[in-house]
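Please keep the sequence and the model in view while reading.

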Amino acid sequence: MRNSHEIDYKIFGNDIQVLEIELDPRETVIAEAGAMVYMEEGIDFQTKMGDGSNPSQGFLGKLVSVGSRLITGESLFMTHFTHQGHGKSRVAFSAPYPGTILPVDLRTVRNNTLIAQRDAFLAAALGTKLSIHFNQRLGAGFFGGEGFILQRMQGDGMAFIHAGGTIVEKQLNNETLRLDTGCVVAFEDGIDFSVQQAGGLKSMIFGGEGLFLATLRGTGRVWLQSMPVKKLIQALMPHGENARKEGSILSNFLE
């Protein structure tokens, strides 16, 4: 017997995608606050503390859950969308920045558990448990800038995460994969995630790949993103600064 609600979905678009969830009566999907794009008649929403995976959870338990979301940088509350009408009705969500939405059936991942970057979660079927996951290797946080505090998703239903740019899925078979620290989106339970120095001193200074690289080891699936949001911001900042300078020069000329 499944604990999570069984939901149907469609994903529209290419670069800036929209996730549409189809709900039967009394079905519920949970999502990050502010992610909703539209919802059809019959759907009611409530902002709650916690993910709702444990209905009997007391106030103290919910407070601990909220505290963990604060640590991961997420909103204090989550929005629960429930179909209160008849027939089928739909609610749609979008990611906060351009990229790709990845649907994951948690029944297909090892131990029904997915480890993801702390800002990757978008939505999930009610019954999915969201919790904090600390990387045991402190260097992942102190030196890599990413990956020390991760998010754990557990359950037997659908979960949806978002990533910047294109998502690449890799299957590791007792192998090692090295990559930019910001390009890790998610990986299956049991994969070892650490951060290591990127070559020698010369490569670190002049290589252009950053001072440290993430290392994934083990057996299981990992998901990577081609354009982490930090890289996107860095790419856009020079253009914004130039635009402001040009605008300032033009204003002075017109005056």
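## Aromatic pairs

Rings of Phe, Tyr and Trp count as a pair if their centres lie within 6.5 Å. In this predicted model, the structure holds 4 aromatic pairs.

Tyrosine 9 belongs to strand E1, while phenylalanine 160 belongs to strand E13 (residues 158-164), so the pair ties together parts that are 151 residues apart in sequence. Tyrosine 9 has 34% relative accessibility and counts as partly exposed. Phenylalanine 160, at 0% relative accessibility, counts as buried. Elsewhere, Phe45, Phe81 and Phe93 form one aromatic cluster.

Strands of a sheet pair through backbone hydrogen bonds, either parallel or antiparallel. Here, an open sheet is formed by 6 strands in the order E5-E6-E3-E10-E13-E8, and the pairing is antiparallel. Its edge strands are strand E5 (43-48) and E8, each of which pairs on one side only. From one strand to the next, the twist averages 20°.

Within this order, strand E3 (residues 28-32) and strand E10 (residues 121-125) run antiparallel and are joined by 3 bridges. Isoleucine 30 has alanine 124 as its bridge partner in E10. Strand E13, which is part of the sheet, is also the strand that holds phenylalanine 160 of the aromatic pair described above.

## A nonpolar surface patch

Which residues make the nonpolar surface patch? Phe12, Met36, Val37 and Tyr38 make it, and the patch covers about 320 Å². Strand E4 (residues 36-39) gives the most to the patch, with 3 residues.

Phenylalanine 12 lies in strand E1 (residues 8-12). Its relative accessibility is 39%, so phenylalanine 12 counts as partly exposed. Strand E1 also holds tyrosine 9, which likewise counts as partly exposed, at 34% relative accessibility.

## A buried leucine

Is leucine 150 buried or exposed? Leucine 150 counts as buried, because its relative accessibility is 1% and the cut-off for buried is under 20%. Its place is in strand E12 (residues 149-154). The C-alpha atom of leucine 150 is separated by 8.8 Å from that of serine 131, and the two residues are 19 residues apart along the chain.

## Two asparagines with positive phi

Most residues other than glycine have a negative phi. Asparagine 111 has a positive value, with phi near 60°. Asparagine 174 also has a positive value, with phi near 55°.

Where is asparagine 111 placed? Asparagine 111 is in the loop between strand E8 (99-105) and strand E9 (113-117). Asparagine 174, by contrast, lies in strand E14 (residues 167-180). Asparagine 111 has 55% relative accessibility and counts as exposed, and asparagine 174 is exposed with a relative accessible area of 67%.

Note on methods:
Residues numbered from 1 in each chain as written. Predicted model: local features only at pLDDT ≥ 70, side-chain atom pairs only at ≥ 80, totals over all residues. Heavy atoms only, no water. Helix = DSSP H or I, 4+ residues; strand = E, 2+ residues; numbered from the N terminus. Buried < 20%, exposed > 50% of the residue type's maximum accessible area, 1.4 Å probe, protein only. Pairing = 2+ DSSP bridges. Axes fitted to C-alpha atoms, helices over the stretch in contact; angles between N-to-C directions. Patch = residues over 30% accessible without salt bridge, like charges linked within 9 Å, V, L, I, M, F, W, Y side chains within 5 Å. Areas by Shrake-Rupley, 256 points an atom, 1.4 Å probe, with all protein chains shown as cover. Salt bridge = Lys/Arg side-chain N within 4 Å of Asp/Glu carboxyl O. Phe/Tyr/Trp six-rings, centres within 6.5 Å; stacked < 30°, edge-to-face > 60°.
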